[in-house]
Amino acid sequence: MKSTPMKLFNDCYGKYGIAAINVFTMEQVLGVFKAASIGKSPVILQTTPVARDYSNPLLMKGMISAAEKVFPDVVFAVHLDHGNETHINAALKEEMYNSVMIDASHEDFDQNVSRTKKIVESAHSQDVFVEAELGILSGVEDNLVVEQHHAKYTDPEAAEKFVCETNCDSLAIAVGTSHGAYKFSGDQGINFSILEQIQKRLPGFPLVLHGGSSVSQVEIQRINNAGGNLKENARGVSSDELKKSISLGVCKVNIATDLRVLWTRVHREFFVENPEQFDPILPGKLYQDELIKFCLQKFELLGSLGKARSINSYQSKEN
């Protein structure tokens, strides 16, 4: 059952987090839906502009629509991640997305406000939820590259002003996370002092944590043992950091890198151990199984297991 992000966030605020999972392929769409069905967990499926170009928007829409019919019990929203005006205008015409993100975080404050306000006005006229971003995350995601020295924490006072001026529905904040596989190094982590200040200025307002993958060291080591060459000092967001973030207003946790790391490990190990194989279905099924396990573990960590029941019940009464 398709739901609006606002209903999801109203239910979860301060209690549990919603996994927002970036999908590119049929295996990923199917795996996420299966896991959400098994775990009775609400979930947000995200596509980036690169994902849309990779599979074609019509094919992506077809996969998600088909999965909704196969798993009618799953409570989910569909979100366009890191879009600009062109991406968002195209997405709004497709009637698939009920949530979009305008990423003008690289602009100065006034320009970010101006661009975001226009998208909010357009999207709200179609009952579409808008996520904006203030502050700049470092790292690599699809065709977005930001060096560490260009990253900027979100200023709490500016965040309050930004939300007031733009009327956006949620805000992605920069508090120390980063995109991609090369995340934290050393003792760096989430700056909870900034997060606490933002929540105090925006009580009850849903915050978004980009770069929410954990980047398992076990997965990295297994990839390298199977011929990979990933840096072994990569570190994502820890379990304790995620739990504390949720208590401070983070409702949506973006997860992309972990799915890519998992895909790489499954396929590298499969073909190393089965060099005679060439059938894509075999590692594809294995990847789905591993992805289901991963999603269920993430739902448990975020506290969202079983929470789809209350949202389903609420929506049934509303309808």
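Predicted model: local features only at pLDDT ≥ 70, side-chain atom pairs only at ≥ 80, totals over all residues.
Helix H12 supplies the largest share, with six residues. Sorted by class, the lining of the second largest pocket holds six charged, five polar and five nonpolar residues.

The largest nonpolar core contains 68 residues, and the members that touch the most others are Ile21, Phe33, Val43, Leu45, Ile64, Val100 and Leu171. Helix H12 gives the largest share of this core, eight residues. Another core, of 13 residues, lies apart from the largest one and includes Leu8, Ala20, Cys251 and Ala308. When residues up to four places away in sequence are not counted, Val100 touches His79, Leu80, Ile88, Leu92, Ala123, Val128, Phe129, Val130 and Glu131.

Ser213 is located in the loop that runs between strand S10 (207-209) and helix H9 (217-225). Ser213 counts as buried because its relative accessibility is 1%, the cut-off being under 20%. The side chain of Ser213 makes polar contacts with backbone nitrogens at two positions. A polar atom of this side chain lies 3.4 Å from the backbone nitrogen of Ala256, and the side chain of Ser213 also reaches the backbone nitrogen of Asp258, at 3.0 Å.

How values were computed: Residues numbered from 1 in each chain as written. Heavy atoms only, no water. Helix = DSSP H or I, 4+ residues; strand = E, 2+ residues; numbered from the N terminus. Nonpolar A, V, L, I, M, F, W, Y, C, P; charged D, E, K, R; others polar. Core = buried A, V, L, I, M, F, W, Y, C linked by side-chain atoms within 4.5 Å. Buried < 20%, exposed > 50% of the residue type's maximum accessible area, 1.4 Å probe, protein only. Contact = heavy atoms within 4.5 Å. Polar contact = N/O pair within 3.5 Å; in protein donor to acceptor, adjacent residues only side chain to side chain.
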